[in-house]
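Hello,

Here is the structure you were waiting for. My notes follow below it.

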Amino acid sequence: MKIIAENREAHFEYFIEEKFEAGISLDGGEVKSVRLGNVSLKDSYCSIYGGEIFLKGMHVAVYDKGGAFNSKDSRRDRRLLMHKFEINRLIGKVNEKGYTIVPLKLYFKQALIKVELGLCKGKHTYDKKQTIKERDLNREAMRDINAMFKR
């Protein structure tokens with residue numbers, strides 16, 4: 001599994017309750033652009049319309065060698081491909097208070113491009129401060145361990 005893009009900000013902004021895998025519907029030029037790594041998941045999210053899940057706000061750069069027929073919007077809505085029972089389960093969870101669906105990773109699974117979705121609950125500012133504190137403590141511990149092994 002080769003990771004193409006990762007949404008690191010999602011781990012800081014949300015508590016991730018569950019993870020799901022979904023396929024993504026892309027055009028030919030978009031696939032080539034994704035294979036080159038010209039994609040960003042920052043500020044992207046998922047919404048549900050008519051029993052289908054759409055990925056909004058994901059930036060896929062226009063493929064420069066695509067010609068005149070490949071001039072689509074780089075931030076257009078992209079349909080995600082999941083089983084109906086998974087979508088219905090997500091709809092039930094999202095209707096609960098405070099849950100949202102956020103893309104976490106974009107990666108290759110064999111020759112296919114997949115999206116890892118997270119069922120998330122938003123963090124408060126005091127939760128974010130706790131996350132920063134834990135991260136700093138882990139860094140300090142790793143520095144101490146590395147210093148011991150260098151001697």
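Lys114 sits in strand E9 (strands, E, at least two residues, and helices, H or I, at least four, are DSSP runs numbered from the N terminus). This is a predicted model: local features need pLDDT of at least 70, side-chain atom pairs count only at pLDDT 80 or more, and totals for chains, interfaces and linings use all residues. Residues are numbered from 1 along each chain as its sequence is written, and side-chain values use heavy atoms, with hydrogens and water left out.

Lys114 is buried but has no salt bridge. Buried means under 20% relative accessible area, exposed over 50%, partly exposed in between (1.4 Å probe, protein chains only). A salt bridge needs a Lys or Arg side-chain nitrogen within 4 Å of an Asp or Glu carboxyl oxygen. The nearest side chain of opposite charge is Glu21, 4.6 Å away (Lys and Arg count as positive, Asp and Glu as negative; His and chain ends are not counted).

Now the core. The largest nonpolar core has 26 residues, and Leu80, Leu106 and Leu117 have the most contacts inside it. Such a core is a set of buried Ala, Val, Leu, Ile, Met, Phe, Trp, Tyr and Cys residues joined through side-chain atoms within 4.5 Å. Elements supplying at least two of its residues each include helix H3 (84-94) and strand E9 (112-122).

One aromatic pair turned up in a search of the whole structure. The rings of Tyr49 and Phe54 have centres 6.2 Å apart and planes at 45°, so the pair is tilted. Ring centres of Phe, Tyr and Trp (its six-membered ring) must lie within 6.5 Å; planes under 30 degrees apart are stacked, over 60 edge-to-face, the rest tilted. Tyr49 is partly exposed at 47%; Phe54 is buried at 18%.

Best wishes
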